[in-house]
Amino acid sequence: MKVDTELIRALYNARVVGRYAIAKHIANSLHVTVRFALKKLRTLDKIKDLNLSVEYPLRAFRLKRVAIFVQDEAQVKEFMEEVKNSRYYPFVRSIILLIPVGIGVVYHVPMNVSKDNIPAPKGAFKIEYDEFLRNMTDFKTYGEDSISKVESATSWSNFFLLAKKLSELNVSEDLRSYIVRLKEMDNKYDWADLAIIKELEKNPLLSLEDLGKALGMNLHRIRKHIYKHIIPIIRGIRIRRTPVTKELRTFVLIIGRESNLDTVYAACTEFVKHPLIIGATINLETNEFILQVYVSSNIARDVIDFFRALFHELNFEFITAFMGVPSKTFSIPFIKFREYIPKIKWVWEGKGEERRERRGLSN
């Protein structure tokens, strides 16, 4: 089934929640009726292996992610046991199998948790980041079939187009202002807001009725939280997975850094417009960033070399790269392989084991 790229582009700017509200946004953007927009959304639902997600700043919920990579085969089994027995185990976000050997574990933790406190074996690579940009493929640049056909998405001409776009990089005043506001963000939120975001990460096109059923909340309460806390922070609907990334499955994680945060953010905004770069994460303090680039195994090494050379041209530091396949991915938050809604604040340090047990956070 052909992907309606005009519809996808309209969704990038959909800063609303609820299927009908999204249909109204599409109707206004594409100059069609709401009824026809709803029909377009039903067609989109039927496209196999195309998954969408809502994008929001991690700082809106005072969250960050910590990624730990272990490549020593002798350490992997012991490390995974340590992960399961750790007090931070409830906040494991995803597990990555590294190639040729190793494991990567990504945590979704409160901002006040130091990455140094999360257990990792000696020699492990550890990085934290507090901003996450999802894919919003630029179909005009990379082609209408770049998320549905592997040969189009993986063409070297598309990589060279990316390099050209980055050579013309411009940091707007609007972006600079947004980064300042982002670093100062201190939102009010509660467990219901987090629960709503969790469901929208999995399916941003849910109706309010379906959202209420999933969370066991009435529509009045859902609407109150959406308009007061959710809509002000969401940046739009993005691409989480495509038929191409599903088929390729393998990805490389490219880790870099640049001295200027505005430049890093602008570059990452451009990176995620490429059909193979499904996400970019940024540390707003150290300016380190990670690109998740889907590749075929036969071009993985060449892709890493391409980014190494590209970073050199951009005066970025190329820190390292990992190759892997996803093993498990969870929506936030997660505990003992069962999703839950924590009716608590993100309070961890210095509260004692007894209080954590009462709150359901014990291992």
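## A charge over a ring

Which ring does the charged end of arginine 65 sit over? It's the ring of phenylalanine 132, and the charged end is 4.5 Å from the ring's centre. Keep in mind that this is a predicted model.

There's another case to look for: arginine 308 lies over the face of phenylalanine 318, with 4.4 Å to the ring centre.

Now for rings meeting rings. The structure holds 22 aromatic pairs. One of them joins tryptophan 156 and phenylalanine 159, a tilted pair with 5.1 Å centre to centre and 40 degrees between the planes. Both residues belong to helix H7 (residues 156-167), where they are three residues apart, or about one turn of the helix.

Are these two partners buried or exposed? Tryptophan 156 has 29% relative accessibility, so it counts as partly exposed. Phenylalanine 159 has 0%, so it counts as buried.

## A pair between two helices

Tyrosine 178 and tyrosine 265 pair up edge-to-face, at 6.3 Å centre to centre and with 70 degrees between the planes. Tyrosine 178 lies in helix H8 (residues 173-183) and tyrosine 265 in helix H13 (residues 261-271), so this pair ties together parts that are 87 residues apart in sequence. Tyrosine 265 counts as buried because its relative accessibility is 3%.

Methods. Residues are numbered from 1 along each chain as its sequence is written. This is a predicted model: local features need pLDDT of at least 70, side-chain atom pairs count only at pLDDT 80 or more; totals for chains, interfaces and linings use all residues. Side-chain values use heavy atoms; hydrogens and water are left out. Rings of Phe, Tyr and Trp (its six-membered ring) pair if their centres lie within 6.5 Å; planes under 30 degrees apart count as stacked, over 60 as edge-to-face and the rest as tilted. Helices (H or I, at least four residues) and strands (E, at least two) are DSSP runs, numbered from the N terminus. Buried means under 20% relative accessible area, exposed over 50%, partly exposed in between (1.4 Å probe, protein chains only). A charge sits over a ring if NZ of Lys or CZ of Arg is within 6 Å of the ring centre and within 35 degrees of the ring normal.
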